[in-house]
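Here is a short briefing on one protein chain. Please look at the strands first, then the core, then a charged side chain.

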Amino acid sequence: MKRILFLVIAVAFITACNTAPKTELHAIENIKERPIYGDSIQNGNIIELTAISTVMRDEKKMDMKIRGKVEEVCKEKGCWMVMKLSNGEDMRITFKDYKIFVPQNLVGKEVVIDGFAYRDTTTVEKLQHYAKDGGKSDKEIASIVNPKVVLSFEAKGVAVMN
């Protein structure tokens, strides 16, 4: 009996410690009443940012809605945002047809973005351009000398959650 109890406790502990990202699809209460930039966002089928890599697997491009925290916004016009992936890397969010501009005060806020995620190689020139728009120093900009394969997102709508 003690062995069975030990085994049950061990399995429960291992299950509780599982840190794999959750890929459940969610809906947001009153999403239509939230501040929205760009196109309206249909409710439902929203995944957490931490699950994006798991959901995409080996796909190069995939339509989706993601909920996550904004880490950075373009200081020039608000023409892009950055969110942190679970592996610590940045995911840059650009906006469809350069038609959406978001305010600086989105930094630190939870948002839902609707569009598509894709894997891309970002050129040195574009990385340097983003660094300049982000307010980086000339030295930091000059240190960017290699292109980078990244997970990016093109959003057609952004809903602010908080």
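β5 and β7 run parallel and are joined by three bridges. Strands here are DSSP E runs of at least two residues, helices are H or I runs of at least four, and both are numbered from the N terminus. Two strands pair if DSSP finds at least two bridges between them. This is a predicted model, in which local features need pLDDT of at least 70 and side-chain atom pairs count only at pLDDT 80 or more, while totals for chains, interfaces and linings use all residues. Residues are numbered from 1 along each chain as its sequence is written, and side-chain values use heavy atoms, with hydrogens and water left out.

**Strand β5 and its partners**
- Phe95 stands opposite Ala155 in β7.
- β4 and β5 run antiparallel, with five bridges between them.
- Trp80 has Thr94 of β5 as its bridge partner.
- Five residues lie between the strands in the β4 and β5 hairpin, where Gly88 takes a positive phi near 90°.
- Five of the six residues of β5 are buried (under 20% relative accessible area; exposed is over 50%, partly exposed in between; 1.4 Å probe, protein chains only).

**Nonpolar cores**
- A nonpolar core is a set of buried Ala, Val, Leu, Ile, Met, Phe, Trp, Tyr and Cys residues joined through side-chain atoms within 4.5 Å.
- The largest one has 28 residues, and Ile52, Met64, Met81, Met91 and Ile113 have the most contacts inside it.
- The elements giving two or more residues to this core are α2 (52–56), β3 (61–73), β4 (80–84), β5 (90–95), β6 and β7 (148–160).
- A second, separate core has six residues, including Ile41, Ile46, Val112 and Met161.
- Beyond four places in sequence, Ile52 is in contact with Ile47, Met64, Ile66, Leu85, Met91, Ala117 and Leu151 (contact: heavy atoms within 4.5 Å).

**Helix α3**
- Val124, Leu127, Tyr130, Ala131 and Asp133 are buried in α3 (residues 124–133).
- Their cover includes β4, β5, β6, α4 (138–142) and β7.

**Asp114**
- Asp114 lies in β6 (residues 110–122).
- Asp114 is buried but has no salt bridge (a side-chain nitrogen of Lys or Arg within 4 Å of a carboxyl oxygen of Asp or Glu).
- Lys156 is the nearest side chain of opposite charge, 4.4 Å away; Lys and Arg count as positive, Asp and Glu as negative, and His and the chain ends are not counted.
- Beyond four places in sequence, the contacts of Asp114 include Ile41, Met64, Phe153 and Lys156.
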